[in-house]
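Please consult the sequence and the model together while reading.

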Amino acid sequence: ELESLGWYFHEMGSKLGYEFHQWQSELSDVSAQLSERQDIIPGQSIKKFNAQHVGCLVGRQSGKTAWAVTRIASQCMLPERRDIADLVGLQKIAPQHVIYTAQSRLNATEKWREHTEIMLNSWLVEYIYNVRKQIGSECVTFTNGSTYEPVTPNRTGGRGKSTDLVIVDECLAHPMWLLSVLRPTMAQRHGAAGCLGAQFIVISNAGNDDSELLNHLQDLGHEAIREGNDKRVWL
């Protein structure tokens, strides 16, 4: 049984006023499992998120927004958490960078605004340094240097970005090539000093035969379950 930071996501959810449903609790606990890695700093054992890929199929109106905003806020607030830094073997946690996308630029920015309003109307407002709302350069910057921004789901949307957490909402609407656009944004951060490993998370309703990316990730998720591969989470 791997150690998990699920408790931290639960704590953040409670502070934002959410009581997690069972799927939110399970997704938090399993996706936040930690494993030791020796390859980051020679001779030093550091814990990282065990799974790099996380997926969850969930029905409409089931609390996706609550879970997503909790997960985003948790990531951005990691530099504040000396206790978690100690737990994973880091002197301090570096500023974290989160991107979010949905079916379209409009959907992504609307959700980003909704998440941002939730954070601004909570205790997190004290930790938010700036909210940039100009179209095309929307970004929340935290006082600890962490950032949260929406990206356009196209072939250039993630270009030049370096991210610790990618959340793809409504994965059923996306083509396969989106994976090759967004996944490289995580490469630099996955083993970077002061980081807990990058995660690519998809949350979606059930798709159909045309749901290219979702169907591909679901196949990989089911294969991981069959093979007992805990480096990929699929719920």
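Is alanine 193 buried or exposed?

**Alanine 193**

Alanine 193 is exposed, its relative accessible area being 65% (buried means under 20%, exposed over 50%, and partly exposed in between, with a 1.4 Å probe and protein chains only). This alanine 193 lies in the loop that joins helix H7 (187-190) to strand E9 (199-204).

**Basis of the model**

The model is predicted: local features need pLDDT of at least 70, side-chain atom pairs count only at pLDDT 80 or more, and totals for chains, interfaces and linings use all residues. Residues are numbered from 1 along each chain as its sequence is written, and side-chain values use heavy atoms, with hydrogens and water left out.

**Helices H3 and H5**

Helix H3 (residues 64-76) packs against helix H5 (residues 105-120) at about 70°, with the axes 10 Å apart. H3 is therefore roughly perpendicular to H5 (65 to 115 degrees; under 35 is roughly parallel, over 145 roughly antiparallel and the rest oblique). The contact (heavy atoms within 4.5 Å) involves Thr65, Ala68, Val69, Ile72 and Ala73 of H3 and Lys111, Glu114, His115, Ile118 and Met119 of H5.

**Helices H1 and H3**

The axes of helix H1 (residues 6-15) and H3 cross at roughly 110° and come within 9 Å; the two helices are therefore roughly perpendicular to each other. On H1 the contact is made by Tyr8, Phe9, Met12 and Gly13, and on H3 by Thr70, Arg71, Ala73 and Ser74.

Definitions and conventions:
Axes are lines fitted to C-alpha atoms, for helices over the stretch in contact, and angles run from 0 to 180 degrees between N-to-C directions. Helices (H or I, at least four residues) and strands (E, at least two) are DSSP runs, numbered from the N terminus.
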